[in-house]
Amino acid sequence: RGALAATLCRTPATAFAELVDNAKDAGATSVKIGIVTYGGDEEHAVSVRDDGKGMNRKGLQKLFGFGFSATALLNGGIGEYGAGFKSGTMKLGTEALVLTRHSASGSMHAAMLSRTMHEEQKIEALRMP
C-alpha cells in the first residue's frame with residue numbers, strides 16, 4: 001500500500017479522530033460532537049462543532065481539494081496529503097456540510113461535499129466556484 005492509502009480513514013473512530021485533529025489544528029480548545037436524528041428515526045446527522053479560528057474562502061476551497069495541507073510542515077508530515085477531511089466525512093456519511101466563520105476577517109462561508117450527488121450525476125471532478 002502507498003503512503004496516501006495509509007492516511008485514509010478506515011473506521012468511524014479514525015474519522016472522528018481526523019475531524020477532532022482538524023479542529024485542534026485550527027486552534028480549537030473545545031470540540032463538541034453530537035448526533036441528530038430526523039425523518040422519523042431513519043436519518044441521522046453527525047455534528048462536529050469547534051471554537052477554532054475558522055476558514056476564509058480560500059481555506060475552505062483548499063479543504064475540499066486534495067493534496068493541500070496547511071499543517072504538514074508544522075506537524076512533521078501529519079496531514080501531508082490533504083485527504084483526511086474527505087475520507088473522514090465520507091466514512092461517516094454521504095454528505096458533509098461545512099459552515100465556517102473566519103475569526104480574523106469575520107467572513108462566513110459554507111460548502112457541501114455530496115457523494116450522493118456525485119454518483120447520481122456521474123460527476124468525476126470536484127469543483128468549487
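This is a predicted model: local features need pLDDT of at least 70, side-chain atom pairs count only at pLDDT 80 or more; totals for chains, interfaces and linings use all residues.
Biologist: How do α2 and α4 sit relative to each other, and at what angle do they cross?
Modeller: They're oblique to each other. The axes of helix α2 (residues 12-25) and helix α4 (residues 84-92) come within 8 Å and cross at roughly 135°. Axes here are lines fitted to C-alpha atoms, for helices over the stretch in contact, and angles run from 0 to 180 degrees between N-to-C directions. Under 35 degrees counts as roughly parallel, over 145 as roughly antiparallel, 65 to 115 as roughly perpendicular, and the rest as oblique.

Biologist: Is α4 mostly covered or exposed?
Modeller: Mostly covered, with 7 of its 9 residues buried. Buried is under 20% relative accessible area, exposed is over 50%, and partly exposed is in between (1.4 Å probe, protein chains only). The buried residues are G84, F85, K86, S87, G88, T89 and M90.

Biologist: What do the buried residues of α4 pack against?
Modeller: That would be α2, α3 (57-63), β3, β4 and α5 (115-120). Take T89 in α4: its relative accessible area is 10%, so T89 is buried. Leaving aside neighbours within four places in sequence, T89 touches L19, A96 and L113.

Biologist: Zooming out, how many helices and strands does the chain have?
Modeller: The chain has 5 helices and 4 strands. From the N terminus, the elements go α-α-β-β-α-α-β-β-α. Helices (H or I, at least four residues) and strands (E, at least two) are DSSP runs, numbered from the N terminus. Of the 129 residues, 21% count as buried.

Biologist: Switching to the strands, how many bridges join β1 to β2?
Modeller: 8 bridges join β1 (residues 31-38) to β2 (residues 43-50), and the two run antiparallel. Strands pair if DSSP finds at least two bridges between them. Y38 has E43 as its bridge partner in β2. The hairpin has 4 residues between the strands, and G39 takes a positive phi near 65° there.

Biologist: What about A45, which residues is it in contact with?
Modeller: Setting aside neighbours within four places in sequence, A45 contacts G34, I35, V36 and Y38. A45 is in β2 and counts as partly exposed, at 28% relative accessibility. Its C-alpha is 9.1 Å from that of L92, 47 residues apart along the chain.

Biologist: Last one: where is S105 placed?
Modeller: S105 is in the loop between β3 (95-101) and β4 (108-114). S105 is partly exposed, with a relative accessible area of 49%. S105 and N56 are 7.7 Å apart in space, C-alpha to C-alpha, and 49 residues apart in sequence.

How values were computed
Residues are numbered from 1 along each chain as its sequence is written. Side-chain values use heavy atoms; hydrogens and water are left out. Contact means heavy atoms within 4.5 Å.
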